[in-house]
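Subject: Structure handover

Hello,

Please find the structure we discussed below. My notes on the two ligand sites come after it.

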Amino acid sequence: MLKGVAASPGIEIGKVYVLKDQEITINTNIVPQEKVEEEVEKFDSAVKDSHDQLEQIKEKAEKELGKEKGEIFAAHLMILDDNVFLNEVREKIKSNCVTAENSLSQVVDKYVAMFNGMEDEYLKERAADIKDISIRILKNILGLDIKSLAEIDEEVILIAKDLTPSDTAQMNKEMVKAFATDMGGRTSHTAIMARSLEIPAVVGLIDISKKAKDGELVIIDGNKGEVLVNPDDLTLKEYKRLQDEYYHYVDELKKLKDKPCQTKDEKRRVDIAANIGTPKDCEGALNNGAEGIGLYRTEFLYMDRSSLPTEDEQFEAYKAVAVAMSPRPVIIRTLDIGGDKKLSYLEMPNEMNPFLGWRAIRLCLDRKDILKTQLKAILRASHYGKLRVMYPMISNAEEIRKANAVLQEAKDELDKEEVPYDKNLEVGIMVEIPSAAVIADILAKEVDFFSIGTNDLIQYSLAVDRMNEHISYLYEPLHPAVLRLIKNVIDASHEAGKWTGMCGEMAGDLAATPILLGMGLDEFSMSAVSIPRVKKIIRSMTYEDAQEVARKALGMDKPEEIKELVKCFLNKVTN
Ligand code: PEP
Ligand code: MG
């Protein structure tokens, strides 16, 4: 069995089709002066051919995979339109008297090395884009056949060293049932493409393209990231069973997309929402049946850049989310920077305990200019959908009042400028500091809603750094202290006529679902892919049963006991 990175879920069994690398030979001879211009022309014409081919592939990708996936090729086309890059190749041909292909590979090697040397995983992957486009130009220069995966006419499992974005876009989805590659990581385009094609894939297998031969039988397990070449009969039988089971499960989940997230007895309905980091994530949220966005982490708008985003830039992003999700509600969290999330252009103090330091709302109340700009952008965008605003890391009532004063200033300025916004914009807070959970009754008077951030709430209440693997065994969502804090927050909000959601990872953890539901949590917000599973579980239990589980769990003193209780309960309701 070969172990790689699980890039796209599902199990497939089929015949191997190995995509072989074509031999590209680079002529490194010196070109006579009188032929130099010919080489430049050869290069220009290959660039033009590549351009035409890519336009076609882009169109196909947009039609079959959606506009966003076509954008990968827009990036490739931009490389082909980049005069600095093109002139560098032309100049090298002329000044060094080398062939078009030789000059191109030297220039490309330089850029690939530059991108590979970057720390950022995403930028590293962009080296693959440049390599991909250069191979196309090279093949066009040399008049080589550009093999089209669209022509595969029998069902296969595609095995390759790597699959370029143009390979995956051309792939005939009817025939390619799954794929496995030597290269690739979690953020590689190959992995992204596989997920949007919804076919199982395993990447990063190192040498699968050498180990598998055309026509051999292979099993791809995209759930576990495993590949089995030439399995024996017994293994094959077992995987066929697993495959049936998995697809049955997926079919069942799909049926739930537009169904309400309510208990079997219809006595309790909750909102199920997605956590997102960028406007692009709305598509996945909607596809998985999200009824709204329970947490839009706006930090990403501020990262990977050299200065603060302007009000207009932010407005565009928030408006995009408001429009994409409308009429569903979207909770935008104000900047939660600090701790492990730093901004290169914002001077931050060197702190002994950055997680207990100058971060999130504390930073924003010191830098009211940053907060006001963001709030104005959110207010302006609120005119285009149903937005809510949420402050992170609140520890006392005064912080809410101060933040609301900045919100009022932002509103006054917009009123003066006669800019429309939602006058009833709801304001909530993240409950992620134990003090806030304990005084939830006091804070409830200041807000419209709470959203429990268990990722931090657990770390602070149990004094367990959420990123330290040495003490990760102590990071226990089902610790009685955590459950009591959650219960206190929910009860306090209800007593004040308000509601409570949860946007920490615990909201998508099935081991906690019946307890949270039974405690009266009103909204569950999680990564989009977890939504169908949680919805299915909620729909399989009665409200009374969930309340009973919650009551029992709150009376137990050991997390193991609580886990066993939930496990038995889930086994009972799902079988
Ligand atoms: C949390 O703390 O639970 C949360 C959702 O916020 P983040 O993970 O961004 O800190
Ligand atoms: Mg947090």
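This is a predicted model: local features need pLDDT of at least 70, side-chain atom pairs count only at pLDDT 80 or more; totals for chains, interfaces and linings use all residues.

Ligand 1

The shell around ligand 1 consists of 14 residues, and the closest are Arg297, Arg333, Gly453, Asn455 and Arg466.

Oxygen atoms of ligand 1 take part in several polar contacts. Arg333 places a polar side-chain atom 2.9 Å from one oxygen atom of the ligand, and a polar side-chain atom of Glu432 lies 3.0 Å from an oxygen atom of ligand 1. Gly453 contributes through its backbone, with a polar atom 3.4 Å from a ligand oxygen. On its own, ligand 1 has 290 Å² of accessible area, and the protein covers 98% of that. Strand 10 (293-297) and helix 18 (454-461) are the elements that each give two or more residues to the shell. Helix 18 gives the most, with three residues.

Magnesium ion (ligand 2)

The magnesium ion is coordinated by Glu432 (OE) and Asp456 (OD), at 2.0 to 2.2 Å. These two residues are 24 residues apart and link distant parts of the chain: Glu432 is in the loop between strand 13 (426-431) and helix 16 (434-438), whereas Asp456 is in helix 18.

Buried means under 20% relative accessible area. Glu432 is at 2% relative accessibility, so it counts as buried. Asp456 also counts as buried, because its relative accessibility is 4%.

Regards

Terms used: Residues are numbered from 1 along each chain as its sequence is written. Chains are lettered from A and ligands numbered from 1 in the order in which they are written. Side-chain values use heavy atoms; hydrogens and water are left out. A residue is near a molecule or strand if one of its heavy atoms lies within 4 Å of it. A polar contact is a pair of N or O atoms within 3.5 Å; within protein, one must be able to donate a hydrogen and the other to accept it, and residues adjacent in sequence count only if both atoms are side-chain atoms. Accessible areas come from the Shrake-Rupley method with a 1.4 Å probe; for residues, only the protein chains shown count as cover. Helices (H or I, at least four residues) and strands (E, at least two) are DSSP runs, numbered from the N terminus. Donors are N, O and S atoms within 2.8 Å of the metal (3.2 Å for Na, K and Ca); water is not among the atoms, so sites may look incomplete. Buried means under 20% relative accessible area, exposed over 50%, partly exposed in between (1.4 Å probe, protein chains only).
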